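Have a look at the model below before reading on.

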Amino acid sequence: MADKTNTDPQRMEKIVSLCKRRGFIFQAGELYGGLNGCWDYGPLGAELKRNLKDYWWRTTVQERDDVVGMDGAILTMQQVLVASGHVGGFSDPMVDCKTCKGRFRADNVASMQCPEKPSCCVGGSPKCELTEAREFNLMFKTKMGASADENDPNATAYLRPETAQSIFVQYKNVLDSSRVKLPFGIAQVGKSFRNEINPRNYTFRSREFEQMEIEYFCHPEDGMRLTDEWLETRLKFYEEIGIPRTKLHILDVPDGERAFYSQKTYDIEYEFPFGVQELEGVAYRTDYDLGVHQKGSGRPLEYFDEETKEKFLPHVVEPSAGCDRTVLALICEAFDEETLTDDKGKEDVRTVMRFTPRMAPIKVGIFPLLKKNEEQVRIAKEIQKKLQPWMNVFYDDSGAVGRRYRRQDEVGTPYGITIDFETLGEGGEELKNTVTLRHRDSMEQERIAIDALLPWLLERVR
Ligand code: GAP
């Protein structure tokens, strides 16, 4: 069993630096000093994130008969969040330091740095003078409409703190419009916002982030079994995107630590370089959510079972994953530094992002061996045009081909193809119209016919 407190700050520093240098992740508003807790994804980060969301959607919604999708509004009515309990209780305990004026989450104060004396932890400096803990609501509140009156409660709206609530609120509309029958799920991917007291660990705890959530509605007696089934489904998903089971930990959240309405909660955790931390929660939420919205809205939300003639409030199993956290896990898992020794015994470190081809931001690098060879360039561009409708590719004709391979290794491109003299038929008829195909991980090379490239790649990158 891995030591859950193991950390590797040096590795994390290298990852953060690569992410900026190669255009995966930038701090939001960096030009103006940065917006704390918010991140922008650069060209490669955007591709990676899109690949993750697309694969989640495909395997969760499109390839299943029992899950449909939705895309709800971010701005959320106050009444919804009053009924759900968020207005009254979605808070973290906060303490202030009267000396340095810093604000800290009371539950992890011991691990926070004191801005007054960075070498010590909050509460550890003799100068620290902490207030009693107070509850701080994590929701971003706003006013709707140009004539919104500060005191009009109907003008108040919130940026949603989770995607789940619009699913519960629309459950009846989906049920009535989609001919779904229990058990069935509604899935959603989208932004959520939480005014975290101390955003930290790079993108791990952000103030604006994306979630990938499923609310799976079922008969009460199936809740526990389906929770275990969903846990397995979700673990398989992580394996399919390149996060091995050995790096995942399942925390069966004990009684007393779960939300009061939850009969079972599993946290799926990953071994980040800053410690073992939560990626996703799989929670059996009973009929709590539909119950509070039925009460809050005064509208019936029961399900009528045609076969048994039973009327009841469905129970809910909720696998709720963080998209940004999973992207971060993919990046941390992929990062590798490999020492290579050449024929003369000289050592060199190769930085390689070992993304699974399905997640890789660029699927294939296309390289004419010689930039000045018109025929090689023509064929390379033709291949680029042929592959582009199917996948993200990168054309590069500058510098030695070895350096071009290395640049692609560093961003995790699993395959490189080089259009060379053999392609033009100079190595014999049998090699004409073939290209060199180089594998990122093994660095092995083989030849493949241009006509076979697209099906060969499609089989591996989807
Ligand atoms: N609907 C249930 C729900 O929202 P949660 O455990 O609060 O449950 C689910 O959030 C997932 O959303 C977490 O496991 C995590 O991956 C992600 N998440 C939550 N807060 C986050 C934050 N501040 N920054 C990044 N991801 C976050």
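## Starting at E318

Leave out the neighbours within four places in sequence, and E318 is in contact with A164, E213, I214, E215, G281, V282, A283 and R285. Keep in mind that this is a predicted model. E318 sits in strand 17, which covers residues 315-322. Is E318 buried or exposed? Its relative accessibility is 6%, and buried means under 20%, so E318 counts as buried.

One of those contacts has a polar side to it: the side chains of E318 and R285 are joined by a polar contact of 3.2 Å. E318 also faces the ligand, with a polar side-chain atom 2.8 Å from a ligand nitrogen atom.

## Around the ligand

Which residues come closest to the ligand? Of the 19 that surround it, the closest are E162, E213, E278, L279 and E318. Two of these names, E213 and E318, are also in contact with each other.

Q211 places a polar side-chain atom 3.0 Å from an oxygen atom of the ligand. For R325, an N or O atom of the side chain is 3.4 Å from a ligand nitrogen atom. How much of the ligand does the protein bury? On its own the ligand exposes 550 Å², and the protein buries 88% of that.

## Strand 13 and its partners

Strand 13 runs over residues 264-272, and eight of its nine residues are buried, so the strand is largely enclosed by the rest of the structure. Strand 12, residues 248-252, pairs with strand 13 in the antiparallel sense over five bridges. Within that pairing, H249 stands opposite E269 of strand 13.

Strand 14 (residues 275-286) is another antiparallel partner of strand 13, this time over nine bridges. K264, for example, has Y284 in strand 14 as its bridge partner.

In soluble globular proteins, nonpolar side chains tend to be buried together. Here the largest nonpolar core has 56 residues, and the members touching the most other members are F24, L52, Y238, I241, F272, I331 and F355. Helix 8, residues 323-334, supplies the largest share of this core, with eight residues.

Beyond residues up to four places away in sequence, F355 touches F24, L48, L330, I331, A334, A360, P361, V411, G412 and R440. Apart from this core lies another one, of 22 residues, including V393, I417, V435 and V461.

## The whole chain

Zooming out, the chain has 11 helices and 24 strands. Its C-alpha trace spans about 80 × 70 × 55 Å along the principal axes. Of its 462 residues, 50% are buried.

How many of the contacts with a separation of 6 or more link residues 24 or more positions apart? That share is 65% in this chain.

Technical notes. Residues are numbered from 1 along each chain as its sequence is written. Side-chain values use heavy atoms; hydrogens and water are left out. A nonpolar core is a set of buried Ala, Val, Leu, Ile, Met, Phe, Trp, Tyr and Cys residues joined through side-chain atoms within 4.5 Å. Buried means under 20% relative accessible area, exposed over 50%, partly exposed in between (1.4 Å probe, protein chains only). Helices (H or I, at least four residues) and strands (E, at least two) are DSSP runs, numbered from the N terminus. Contact means heavy atoms within 4.5 Å. Two strands pair if DSSP finds at least two bridges between them. A residue is near a molecule or strand if one of its heavy atoms lies within 4 Å of it. A polar contact is a pair of N or O atoms within 3.5 Å; within protein, one must be able to donate a hydrogen and the other to accept it, and residues adjacent in sequence count only if both atoms are side-chain atoms. Accessible areas come from the Shrake-Rupley method with a 1.4 Å probe; for residues, only the protein chains shown count as cover.
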